[in-house]
Amino acid sequence: MKDKELQVIGRNVLMDIVGHVDKVPAKVDTGADSSSLWASQIDVSTDGTLSFVLFGPSSPFYSGEVITRRAFAAAVVRSSNGIAQVRYRIELPVRIAGKLVRAHFFLSDRSKNVFPILLGRRTLNKRFVVDVSVKEYYSKPKISRGLRREFLQDPHAFHKKYHLKNY
C-alpha cells in the first residue's frame with residue numbers, strides 16, 4: 001500500500017460544518033474513540049425522523065436552524081468518568097484544515113465544555129497527524145481570576161467550600 005502524506009493539525013482546530021456554520025473551535029482528542037457535537041432540542045418524531053439544533057442558545061454559533069435526519073443511529077456512550085448515556089449518532093460533512101471529511105458525531109450537551117466539538121480517533125484516523133504543540137484556537141482559561149484569588153487567600157477554606165461539597 002502506498003503511503004500518503006497525512007496533514008498535521010494541532011490540539012485544537014477551527015472547523016466548518018459544511019452548509020451550516022464556519023470556524024467552530026474543536027478540541028482534538030486522540031484519547032477519545034468517537035467525535036461529539038453540541039446539539040440541543042434533540043427529538044425523534046413519530047415517523048422516526050431525528051431533529052436537532054446545532055449548539056445551544058448560549059453559544060455564539062447557535063442559529064436556531066432545525067436540522068433533520070432520517071439516517072441516524074443510537075448507542076450507549078460511556079464518558080471518561082464512567083457515566084453511560086444513550087446518544088444519537090449522525091453523519092455530517094465537515095472541513096478540517098481545508099480537508100473535506102464525512103464524519104460521524106454523537107449529539108450531546110457540551111454547554112459546559114470549552115469546545116463545542118470534540119474530534120476523536122475515528123475522525124482523525126488515516127487523515128491527520130496531531131502535533132500537540134500547535135494551537136489554532138486560543139480559549140480563555142477555565143479558572144477565573146476571582147477564583148484563583150480566593151484560592152491563594154485561604155487554600156483550606158477554598159478546599160472546604162469547593163472540594164468537599166462535591167462528595
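Author: Let us begin with residue classes: Ala, Val, Leu, Ile, Met, Phe, Trp, Tyr, Cys and Pro count as nonpolar, Asp, Glu, Lys and Arg as charged, and the others, Gly among them, as polar. By these classes, the lining of the largest pocket has five nonpolar, 10 polar and seven charged residues. This is a predicted model, in which local features need pLDDT of at least 70 and side-chain atom pairs count only at pLDDT 80 or more, while totals for chains, interfaces and linings use all residues. Residues are numbered from 1 along each chain as its sequence is written, and side-chain values use heavy atoms, with hydrogens and water left out.

Reader: What volume does the largest pocket have, and which residues are the closest to its centre?

Author: A pocket is an open set of points, on a 1 Å grid over the protein atoms alone, where a 1.4 Å probe fits, with protein on both sides within 12 Å along at least five of seven lines; lining residues have an atom within 4 Å of a point. Grid points are joined across faces, edges and corners, and the volume is the space filled by probe spheres set on the points. Here the volume is about 600 Å³, and of the 22 lining residues, Ser-79, Ser-80, Arg-87, Arg-110 and Asn-113 are the closest to the centre.

Reader: How much of the protein chain counts as buried?

Author: Buried means under 20% relative accessible area, with a 1.4 Å probe and protein chains only; 31% of the 167 residues qualify.

How values were computed:
Buried < 20%, exposed > 50% of the residue type's maximum accessible area, 1.4 Å probe, protein only.
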